[in-house]
Amino acid sequence: NNIVPRFEKVELDAILKGDDNVFIYGSRQSGKTSLRHFVAYAFSHGKGIEQRIPITIDAKHFKFNLYDLNRKVRSQYQVPKDFDIEQHVIQGSFVFIFDNCCNLSDDILERIQKFSEGFAPCRFFVFATPNEATFSKERHFHRVLKEFDSIGIGELRRSSIRRMSRSWFPSDKEAKQAFDLVMAQIARDGLPRTAYIVGLLLWAAKRGQSGERLNEAILLQNLLDHLLSRADFRRAQRGSFTTRGRELLLGEIAFYLNEMENEARYADVVSLVESYFARKQLKHDPGEVVDELVDCGILSRSDGLISFRFLCFQEFYIALIMTNGTEREKRLSGAKFLDHR
């Protein structure tokens with residue numbers, strides 16, 4: 001019994017009002033991105049907590065020095081030229097929100113630990129996905145981020161799913177029907193009770209697509225079709241660009257970004273699309289197509305880098321290409337299957 005971890009429920013308000021640095025871990029699609037946005041929103045408005053300036057940092061690309069911090073602050077805010085970052089660090093004016101700490105990399109965590117020591121009394125929030133194959137999913141935290149509080153994100157409770165249902169449907173009757181439907185589908189299809197899955201189920205219910213047998217792929221297909229329908233490819237078209245053509249293109253982008261650790265320079269992605277169009281003898285404008293995929297919400301562009309807005313989008317298009325037997329054999333030859341567990 002001594003090796004079984006004991007968990008206590010912690011209120012988010014208590015975490016935000018405290019003074020400690022916080023390490024928040026959770027499985028993929030557990031809601032870390034939404035929580036990260038909310039933490040930044042809460043500190044920037046300062047309602048009920050000490051107001052601080054939130055700085056979101058991609059841990060994978062951060063240099064962990066004052067020069068890079070200065071660049072990061074000025075890229076996220078329009079600040080006066082005489083804004084003294086060092087002075088505001090001393091005053092504890094910032095809350096640093098670190099993301100992209102994949103699999104709790106020791107190297108990244110050690111850098112964050114040193115950075116947090118050098119830039120106190122500012123607060124630090126670190127969001128990471130643990131290695132699901134490990135027995136103790138926070139072991140790196142205990143060894144490296146010793147001064148951080150460890151907070152895990154669990155699955156949603158029934159009360160949370162009820163609140164989500166009420167936020168999607170205006171009347172109590174509709175909200176109850178949606179809640180009952182979501183709970184029934186989760187139980188029937190063995191789906192996890194994460195905000196991601198519940199959100200997809202509620203979105204399907206809102207569009208009248210509930211009741212049938214659903215899985216994550218069907219839910220994502222509905223959502224991605226909706227996003228693609230919002231894209232205006234007419235500017236980029238010089239010939240037909242079918243739905244299947246868009247899926248194949250997004251599959252090529254997904255495989256490429258997977259090889260590039262989930263992001264690549266905008267120019268490199270445009271070049272990839274241009275090569276793809278040349279092979280298929282299509283005459284679309286590659287730059288405008290990439291821009292439309294960003295504008296409709298499937299791809300994301302930040303600091304000159306392109307990625308899928310959510311990693312599940314990337315995985316969906318990889319899996320979609322894999323449904324073709326010939327493509328699957330080609331993509332998974334040798335030990336390549338290890339890249340697509």
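Student: Why is Cys122 called buried?

Tutor: In this predicted model, Cys122 has a relative accessibility of 4%, and since the cut-off for buried is under 20%, Cys122 counts as buried.

Student: How many disulfides does a search of the whole structure find?

Tutor: The search finds zero disulfides. A disulfide is called only where a pair of cysteine sulfur atoms lies within 2.5 Å, and no pair in the whole structure is reported as one.

Student: What makes Lys72 count as buried or exposed?

Tutor: Lys72 has 8% relative accessibility, and because buried means under 20%, Lys72 counts as buried. Lys72 belongs to helix H3, which covers residues 66–76. Leaving aside neighbours within four places in sequence, Lys72 is in contact with Ile55, Thr56, Ile57 and Asp303, where contact requires heavy atoms within 4.5 Å.

Student: Is Asp303 itself buried or exposed, and how do you know?

Tutor: Asp303 has a relative accessible area of 57%, and because exposed means over 50%, Asp303 is exposed. Asp303 sits in the loop between strand E7 (299–302) and strand E8 (305–308), and its phi is positive, about 55°, although Asp303 is not a glycine.

Student: What is the phi of Phe64, and where does Phe64 lie?

Tutor: The phi of Phe64 is near 55°, which is a positive value in a residue other than glycine, and Phe64 lies in the loop between E2 and H3. At 15% relative accessibility, Phe64 falls under the 20% cut-off and therefore counts as buried.

Student: What makes strand E2 an edge strand?

Tutor: The strand E2 (53–58) belongs to an open sheet of five strands, ordered E2-E3-E4-E1-E5 with parallel pairing. Strand E2, like strand E5 (148–152), pairs on one side only, and these two are the edge strands. From one strand to the next, the twist of this sheet averages 20°. H3 packs on the sheet by touching E2 and strand E3 (94–102), and the direction of H3 makes about 115° with that of E2.

Student: How do you know that strand E1 and strand E4 pair?

Tutor: Pairing requires at least two bridges, and strand E1 (residues 21–25) is joined to strand E4 (residues 123–129) by four bridges, the two strands running parallel. Within this pair, Tyr25 has Ala128 of E4 as its bridge partner. Helix H5 (residues 106–118) lies across E1, E3, E4 and E5, and runs at about 170° to E3. In the loop between H5 and E4 is Pro121, which is joined to Ala120 by a cis peptide bond with omega of about 10°.

Student: Why is one side of strand E6 left without a neighbour in its sheet?

Tutor: The sheet in question is open and has three strands in the order E6-E8-E7, with antiparallel pairing. Strand E6 (264–265) and E7 stand at its edges with a single partner strand each, so one side of each is left without a neighbour in the sheet. E6 and E8 share two bridges in the antiparallel sense, which meets the requirement of at least two for pairing, and Ala264 stands opposite Ile306 in E8.

Student: Which helix lies across E6, E7 and E8?

Tutor: That helix is H11, which runs at about 110° to E8. Leu249 is found in H11 (residues 243–259), and at 2% relative accessibility Leu249 counts as buried. Leu249 and Val273 are 24 residues apart in sequence, and their C-alpha atoms are 7.5 Å apart in space.

Student: Why are H10 and H14 called roughly perpendicular?

Tutor: The axes of helix H10 (residues 216–230) and helix H14 (residues 311–322) come within 11 Å and cross at roughly 105°. Angles of 65 to 115 degrees count as roughly perpendicular, and H10 and H14 are therefore roughly perpendicular to each other. Their contact includes Leu220, Leu224 and Leu227 of H10 and Phe313, Phe316 and Tyr317 of H14. The residues of this contact divide into eleven nonpolar, one polar and one charged.

Methods
Residues are numbered from 1 along each chain as its sequence is written. This is a predicted model: local features need pLDDT of at least 70, side-chain atom pairs count only at pLDDT 80 or more; totals for chains, interfaces and linings use all residues. Side-chain values use heavy atoms; hydrogens and water are left out. Buried means under 20% relative accessible area, exposed over 50%, partly exposed in between (1.4 Å probe, protein chains only). Axes are lines fitted to C-alpha atoms, for helices over the stretch in contact, and angles run from 0 to 180 degrees between N-to-C directions. Angles under 35 degrees count as roughly parallel, over 145 as roughly antiparallel, 65 to 115 as roughly perpendicular and the rest as oblique. Ala, Val, Leu, Ile, Met, Phe, Trp, Tyr, Cys and Pro count as nonpolar, Asp, Glu, Lys and Arg as charged, and the others, Gly among them, as polar.
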